[in-house]
Amino acid sequence: MDEPTGKAARELAGWESAAALRTSLKNWQNQSKAAETWLTRIAESLRASSRTYTSTEKGVEQQFSVLRTYG
């Protein structure tokens, strides 16, 4: 996205369209970075949830294992 838009803006130097393309590109870059940050946070949350679930699952399994031994 960056290269074609940058090239188009350079080709249209002096035209209002060039400024609009640069503004559009900057907005795209900002939105892209925000989406990347958001997805990174979601991925981190999912990994943390997975670790917690696995830990809880193992704990419950151990507790039932003890009950089966005495039962």
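Helices H1 and H2 run roughly antiparallel to each other, and the reason is simple: their packing angle is about 160 degrees, while anything over 145 counts as roughly antiparallel. Keep in mind that this is a predicted model. Here's the rest of the picture, sorted by topic.

**How the helices pack**

- H1 takes in residues 2–11, and H2 covers residues 16–70.
- Where H1 and H2 pack, their axes sit 8 Å apart.
- The crossing is a left-handed one, with H1 passing H2.

- Ala9 lies in helix H1 and has a relative accessibility of 4%, so it counts as buried.
- Thr5 is another H1 residue, and with a relative accessible area of 13% it's buried too.
- Both labels follow from the cut-off, because buried means under 20% relative accessible area.

**The salt bridge**

- Search the whole structure and you get one salt bridge.
- The partners are Arg10 and Glu3, whose side chains meet at 3.4 Å, N to O.
- That contact makes the list because the cut-off for a side-chain nitrogen and a carboxyl oxygen is 4 Å.
- Side chains of opposite charge can pair when their charged atoms come close.
- Arg10 and Glu3 are both exposed.

**Surface of H2**

- Trp38, Leu39, Ile42 and Leu46 make up a nonpolar surface patch of about 440 Å².
- One of them, Leu46, is part of helix H2 and comes out at 58% relative accessibility, so it's exposed.

**Distances along the chain**

- Within the C-alpha distances, Ser32 and Tyr53 are 31 Å apart in space with a sequence separation of 21 residues.
- Thr5 and Val60 are 55 residues apart in sequence, and their C-alpha atoms are 56 Å apart.
- Ala9 and Phe64 are likewise 55 residues apart in sequence, with 67 Å between their C-alpha atoms.

Note on methods:
Residues numbered from 1 in each chain as written. Predicted model: local features only at pLDDT ≥ 70, side-chain atom pairs only at ≥ 80, totals over all residues. Heavy atoms only, no water. Patch = residues over 30% accessible without salt bridge, like charges linked within 9 Å, V, L, I, M, F, W, Y side chains within 5 Å. Areas by Shrake-Rupley, 256 points an atom, 1.4 Å probe, with all protein chains shown as cover. Helix = DSSP H or I, 4+ residues; strand = E, 2+ residues; numbered from the N terminus. Buried < 20%, exposed > 50% of the residue type's maximum accessible area, 1.4 Å probe, protein only. Axes fitted to C-alpha atoms, helices over the stretch in contact; angles between N-to-C directions. Parallel < 35°, antiparallel > 145°, perpendicular 65-115°, else oblique. Left-handed = near helix turned anticlockwise from the far one by under 90°.
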